[in-house]
Amino acid sequence: MGSDFKSIPLIDISPLVEKIDDPNMANDKDLLQVVRMLDDACREAGFFYVKGHGIAESLMKEVRDVTQKFFQLPYEEKLKIKMTPQSGYRGYQRVGENVTKGKPDMHEAIDCYTPIEPGQFGDLAKPMEGSNLWPKYPSNFDSLLENYINLLRDLSRKIMRGIALALGGPVDAFEGKTAGDPFWVCRLIGYPVSTDIPEEQRTDTGCGAHTDYGLLTLVNQDDDICALEVRNKSGEWIYAKPLPGTFVCNIGDMLKVWSNGIYQPTLHRVVNNSPRYRVSVAFFYESNFDAAVEPVEFCRERTGGFAKYEKVVYGEHLVQKVLTNFVM
């Protein structure tokens, strides 16, 4: 439901990472303590840091470094993987092409999605059919990112298992028809120094205030630039200050619906007032593309016995957001 939090909680999830797939984990005190901390964080802030996640800090940095190297390439080189409707809205977006609530965002990005075969989801996914556009330079970009994405998919699955327990459900509650075949999105984002953007194109935000679409987001941000801000219940903007080696996590719209509002996503934005270019790599763990997400029974029972939200087909929700947020 949100609160007047002044800082974002840090959770050591190593017991969960190590034991959540163990059939005998139900009585593990350390794991259950992590579950309680996840519950508190999702209720109070909708945001939390995780450490002890098992992803090497060196790999996190390498992913940020190759992202920065790409954005340093000449504009003509970056346009070789330009995002278009024909590319399934995958590829490179120049500064100002992403729009949040009608206002251009002062960032450039590469957008990647789970590959979708033609006809795989019928008309539902038609606008987003295709494979990802990987740049030729740096030369290890595609292999590095594909390995990183696979690791984050598994980490996200484990965190969602902990969240299922936190909500009072079975550990595999999100698997099967909800997120047994989870769709993923990865955005590699560069935030220029504001003075490097022509004044007539400049706005005051790197990314406008929004909530995320899916279940869970993991953000790998530069270690030394404060720019991500989270709004508390009183309307104050609280910095998600970089903590080296951690991911900043937040919950999204689909988890709000699924939990019948027990967990609410939190508005956040990016304002890069630093004199240096900032890089952030955001990984979004979603439901199945064609999942019809609705309040689950055990969450309805905890919230008055009726559904507070209508059923949402995730793919429809995503496609509508993608089409709204993109300008040529």
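**Reading the labels on this predicted model**

Q: Why is Arg231 called partly exposed?
A: The relative accessible area of Arg231 is 36%. Buried means under 20%, exposed means over 50%, and partly exposed is in between (1.4 Å probe, protein chains only).

Residues are numbered from 1 along each chain as its sequence is written, and side-chain values use heavy atoms, with hydrogens and water left out.

Q: Where does Arg231 lie?
A: Arg231 lies in strand E10, residues 228-231. Helices (H or I, at least four residues) and strands (E, at least two) are DSSP runs, numbered from the N terminus. The C-alpha atoms of Arg231 and His268 are separated by 6.0 Å, although these residues are 37 apart along the chain.

Q: What makes the contact between Lys19 and Asp28 a salt bridge?
A: The N to O distance between their side chains is 2.9 Å. A salt bridge needs a side-chain nitrogen of Lys or Arg within 4 Å of a carboxyl oxygen of Asp or Glu, so this pair qualifies. Lys19 is partly exposed at 24% relative accessibility, whereas Asp28 is buried at 19%.

Q: How do you know that Arg43 and Asp39 are separated by about one helical turn?
A: Arg43 and Asp39 are four residues apart in helix H2 (residues 29-44), which means about one helical turn between them. Their side chains also meet in a salt bridge, at 3.0 Å from N to O. Arg43 is partly exposed, at 27%, and Asp39 is buried, at 14%.

Q: How many salt bridges does a search of the whole structure find?
A: The search finds 18. Salt bridges also link Asp21, Asp154, Arg157, Lys158, Arg161 and Glu175 in a network.

Q: What is the nearest side chain of opposite charge to Asp105, and how far away is it?
A: That side chain is Arg187, at 6.2 Å. Lys and Arg count as positive and Asp and Glu as negative, with His and the chain ends not counted. A distance of 6.2 Å is not within 4 Å, so Asp105, although buried, has no salt bridge. Asp105 sits in the loop between strand E5 (103-104) and E6. The side chains of Asp105 and Thr100 are joined by a polar contact of 2.7 Å. A polar contact is a pair of N or O atoms within 3.5 Å; within protein, one must be able to donate a hydrogen and the other to accept it, and residues adjacent in sequence count only if both atoms are side-chain atoms.

Q: What makes Tyr89 and Asn260 worth a look?
A: Tyr89 has a positive phi of about 60° although it is not a glycine, and Asn260 likewise has a positive phi of about 60° without being a glycine. Most residues other than glycine have a negative phi, and most peptide bonds are trans. Tyr89 is buried at 11%, and Asn260 is buried at 0%.

Q: Which residues does a cis peptide bond join?
A: The bond joins Tyr137 and Pro138, with omega about -10°. Pro138 is in the loop between E6 and helix H5 (141-166).

Technical notes. This is a predicted model: local features need pLDDT of at least 70, side-chain atom pairs count only at pLDDT 80 or more; totals for chains, interfaces and linings use all residues.
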